[in-house]
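The sequence and structure are shown first, and a description follows.

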Amino acid sequence: MSRGTLFDKVWDLHTVGTLASGQTQLFIGLHLIHEVTSPQAFAMLRERGLSVMFPERTIATVDHIVPTESQARPFVDVLAEEMITALEQNCREHNIRFYNIGSGNQGIVHVIAPEQGLTQPGMTIACGDSHTSTHGAFGAIAFGIGTSQVRDVLASQTLALAKLKVRRIEVNGDLSPGVYAKDVTLHIIRQLGVKGGVGYAYEYAGSTIAAMSMEERMTLCNMAIEGGARCGYVNPDAVTYDYLKGREFAPKAEQWDEAVNWWESLRSDPDAEYDDVVVIDAADIAPTVTWGITPGQGIGVDEHIPTVEELPEGDRAIATEAYQYMNLQPGTAIQGTPVDVCFIGSCTNGRLSDLREAAKVVQGKKAAATVKAFVVPGSERVKQAAEAEGLDTIFEAAGFEWREAGCSMCLAMNPDKLQGNQISASSSNRNFKGRQGSSSGRTLLMSPAMVAAAAISGQVTDVRKLL
Ligand SMILES: CC(C)[C@H](C(=O)O)[C@@H](O)C(=O)O
Ligand code: SF4
């Protein structure tokens, strides 16, 4: 039964039937694939003699394993070369559109689909990647799936899923200068916990969200999964339609008005029923930095690392583990923590507006000599657009390296890795132990502008001082 939320409307419209298990068989409008989670799925398809049911509904890119320095083929890393070759072959064999490196359209899967206009309101979108929640920024129901589910979507364009509850997270008021969508999303996870969203879809609403650009909304929804919510979304509005208009896969002029009317009808009704509502005041959000090993271990940049006594009972064990792993002292300020590596990029914060905000901070300054700083655009298009406005020059003049598009040090499945127990200031979304390529490497998550500030001063710094 529809209770008037966008989630319920889109879910009901895509329901093929109810399975004996009680799960919904849900039609998937758009299926995105990349080199890491698709090879096994294609192999399973082959074993069963199945073909891809709707090849035109699947779009492929390569992102995790691509080197960001030399991209000459064959790649130096043999495994990476095997993975890209497998994807090339699978796409050729099944007639799937593949945005390969050098095509001008390659990039992180969650960056390229929106920029092509593939991601649209009211869609169901699946990808074998947890940060598929990003696409919810457009008012789509978008979620990550496992490899066997990738197989299911390839073979049937449907998935067996249990319906989620919906929590409305309302953020109201203006964000202060130096506070970005990344801080909002880290603040929400800090408040609700990394498991707080389990079983939920998050609907982000309120005046703060309404005032956000599409790129900011993508940053917000990207990390819904880090708060435990399988998907997050924002109701579509004029900002969404302006972003989409004229993009390759967006509805063309003749169908445009009809499409907008349709999208408008999917918005959550004013009297929609929610399973939970959380209200947050934007004025309470500061530039936020993580100090620990989960994205929920975040604090305002001017706060100190919480002591065990200051934390709720349930958070103490993981905090103790974090103090040890991070080698940071409870009770001390996070500001001033020296950093070794500064990484600007990822599907959270590797878009043009992110690079612009970071460039504003570094313009005319120099990265500290103790720091290795680099920028990895989220896609070939982002790279090209950034170069067209001279952002690469600003970064390079400040001593940053300017790289090719890909996931890079977000996950370090390519050559970009931390060494030993280096500590990074990173605009990505996960600070798990060993996440950035070294089993003892340490990650501090923050906004791209904050990473830029850390690069300039060689330590965690309040970006508001540099604006
Ligand atoms: C490789 C992929 C399966 C993984 C994910 O699902 O998120 C990666 O993108 C990540 O960010 O950890
Ligand atoms: S940029 Fe990071 S989070 Fe995003 S898809 Fe790549 S590895 Fe995953």
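Which strands does helix 1 lie across?

## Model and conventions

This is a predicted model, in which local features need pLDDT of at least 70 and side-chain atom pairs count only at pLDDT 80 or more, while totals for chains, interfaces and linings use all residues. Residues are numbered from 1 along each chain as its sequence is written, and chains are lettered from A and ligands numbered from 1 in the order in which they are written.

Helix 1 (residues 6-13) lies across strand 9 (165-172), strand 10 and strand 11. Its direction makes an angle of about 130 degrees with strand 10. Helices (H or I, at least four residues) and strands (E, at least two) are DSSP runs, numbered from the N terminus. Axes are lines fitted to C-alpha atoms, for helices over the stretch in contact, and angles run from 0 to 180 degrees between N-to-C directions.

An open sheet is formed by four strands in the order 11-10-9-12, with parallel pairing. Strand 11 (231-234) and strand 12 (276-281) are at the edges with a single partner strand each, so one side of each has no neighbour in the sheet. On average, neighbouring strands of this sheet are turned by 20 degrees against each other, direction ignored. Two strands pair if DSSP finds at least two bridges between them; strand 10 (residues 200-205) and strand 11 pair over four bridges. Ala201 has Cys231, in strand 11, as its bridge partner.

## Overall form and domains

The protein contains 16 helices and 19 strands. Its C-alpha trace spans about 55 × 55 × 45 Å along the principal axes.

The domain assignment, which is automatic or from a database, gives domain 1 (6-161), domain 2 (165-284) and domain 3 (288-465). The C-alpha centres of domain 1 and domain 2 lie 22 Å apart. Their contact (C-beta atoms, placed from the backbone, within 7 Å) takes 25 residues from domain 1 and 29 residues from domain 2. On the side of domain 1 that touches domain 2, the elements giving two or more residues are helix 1, helix 4 (109-115) and strand 7 (141-144).

## Ligand surroundings

A residue is counted around a ligand if its C-beta atom, placed from the backbone, lies within 6 Å of it. Around ligand 1 are Val36, Thr37, His64, Asp129, Ser130, His131, Gly144 and Leu411.

The residues around ligand 2 include Asp63, His64, Asp129, Cys347, Cys407 and Asn429. Domain 1 and domain 3 each supply at least three residues to the shell around ligand 2.

Methods:
Contact = placed C-beta atoms within 7 Å.
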